[in-house]
Amino acid sequence: MAAEHADAVWVTESQKYSLAELVALSGLPEAELRELVEYGALRPANPEAASWVFSGQCVLSVRAAQRIRGSFELEPQSLALVVSLLERIRELEARLGQVYAQQPRKAR
Amino acid sequence: MKYKDYYQILGVAHSATAEDIKKAYRKLAHMYHPDVSKDPAGEEKFKEVAEAYETLQSPDKRAAYDQLGAHRPGEDFRPPPDWEQQHGGAQFSFDDLDLADLFAGLATERQRAGHGAGQLRMPGQDFEATARISLEQAYHGTDVELQLSMPEADAQGRLHRVPRTLRVRIPKGATDGQRLHLRGQGGKGLNGGRDGDLWLRIALHPHPLFRVSGHDLYVDLPLAPWEAVLGTTVELPTLAGPVHLKVPANTQAGRQMRLAKRGLPRPDGSEGDLYALVQIVVPATTGEHERQLYEQLATGSTFNPRARFGKEMNSGS
């Protein structure tokens, strides 16, 4: 079977997504995404603007939120709390990874 | 079609109530849900658990599942002859069908029956996969071949699990944990529904020399005591090939020497940095001549590496 070739796009902090794109990519309804923003679990890059834009990391967060909501049947406030804590864990793991990388290995 | 014992997967009896099933599922979801679990095998286990729950939580699907009869897990079986007619009238091709697809097909048939045959527009399923690549592949960009198995409907709307080989170009810019988004490369949509997406997570194999943090790299730079004192020029490996690094005189252990733009390329075209971490190492054994030289140094030097001890202790009292 011949391999199909697919083009790929990096999901990065600098890449910007609209609220409508977040809805399409996550499957979460817009009202629930607005609640996540209201509870501080999801941070638009321009919170004061009329049309919010979000980073690539937000796309990954809301996709995880959608999976978690479906699996654990969480109501919006609990979901916001879980998403905030997962984001904190992600940041701490990145920091831990940096500290680990900076530790010299035992000389042989 | 291979049989799966959904009751056994959830750890409940055949007589379990809907509440028992939900409770068992939630307990297992806490343990294995890939977004909250650190178990490396969690994702695969959770897929099984979710599939079992998806069927057993619905009274209709559970009744249909129970009518398949009791089989050993993994055993090849076919549903009873009148099973299809009893459960929505779907025409299944059982040979290349997974049990999960059988029940997904059942749900689709019911929705169709409610909306008029062939009218229901359904988006394709999103897929998540992991590509494990080396640091060198991340640095240069690479092609990977993914073997995926996706449920697809044929012209008659019958579901089949179809093997797909997808060649994906991983451009420069990768690092550990980074995601690639491939629009329309997930499961096929039905009746004009959009195709699902593929989300590819990059996992870097550990490298024997370089450690990775974001797009920065760290490498140990071992120096002999005299190299650290007198200064030297060393050949340092980088992903683009060796470079000459000037180590100044009196370089301390633990110092980080930054080589700008020698790390991993970022998606925006900039580059991370490479840090050489100075270590001062001594020989495991010392010959007689070397030992004499060290003794001369010990006698002649006024250097006190622990001068700070006395100072700090006195200032603290």
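**Figure 1. Left-handed crossing of helices H2(B) and H3(B) in the predicted model.** In this predicted model, H2(B) crosses H3(B) in the left-handed sense. H2 of chain B covers residues 18-32 and H3 of chain B covers residues 42-56; the two pack at an angle of about 165°, and their axes lie 9 Å apart. Angles over 145 degrees count as roughly antiparallel, and H2(B) and H3(B) are therefore roughly antiparallel to each other. On the H2(B) side the contact is formed by B:Ile21, B:Lys22, B:Tyr25, B:Leu28, B:Ala29 and B:Tyr32. H3(B) contributes B:Gly42, B:Glu43, B:Lys45, B:Phe46, B:Val49, B:Ala50, B:Tyr53 and B:Leu56. By class, the residues of this contact are 10 nonpolar, one polar and three charged.

**Figure 2. Crossing of helices H1(A) and H2(A).** Helix H1 (residues 19-26) and helix H2 (residues 30-38), both of chain A, cross at roughly 110°, and their axes come within 10 Å. This angle makes H1(A) roughly perpendicular to H2(A). The crossing of H1(A) past H2(A) is right-handed. From H1(A), the contact uses A:Leu19, A:Leu22, A:Val23 and A:Ser26, and from H2(A), A:Glu30, A:Leu33 and A:Arg34. Four of the residues in the contact of H1(A) with H2(A) are nonpolar, one is polar and two are charged.

**Figure 3. A four-stranded sheet with strands from chains A and B.** The sheet is open, with mixed pairing, and its strands run in the order E2(A)-E4(B)-E5(B)-E1(B).

**Figure 4. Pairing of strands E4 and E5 of chain B.** Strand E4 (residues 179-182) and strand E5 (residues 198-204) of chain B pair in the antiparallel sense over four bridges. In this pairing, B:Leu180 is placed opposite B:Leu200 of E5(B).

**Figure 5. Contact between chain B and chain A.** Chain B supplies 48 residues to the contact and chain A supplies 36 residues. About 3500 Å² is buried between the chains, with 55% given by carbon and sulfur atoms. Within chain B, the residues losing the most area to chain A are B:Asp35, B:Trp199 and B:Arg211, which together make up 16% of what that side buries.

Note on methods:
Residues numbered from 1 in each chain as written. Chains lettered and ligands numbered in written order. Predicted model: local features only at pLDDT ≥ 70, side-chain atom pairs only at ≥ 80, totals over all residues. Heavy atoms only, no water. Pairing = 2+ DSSP bridges. Axes fitted to C-alpha atoms, helices over the stretch in contact; angles between N-to-C directions. Parallel < 35°, antiparallel > 145°, perpendicular 65-115°, else oblique. Left-handed = near helix turned anticlockwise from the far one by under 90°. Contact = heavy atoms within 4.5 Å. Nonpolar A, V, L, I, M, F, W, Y, C, P; charged D, E, K, R; others polar. Buried area = accessible area lost by both parts, 1.4 Å probe.
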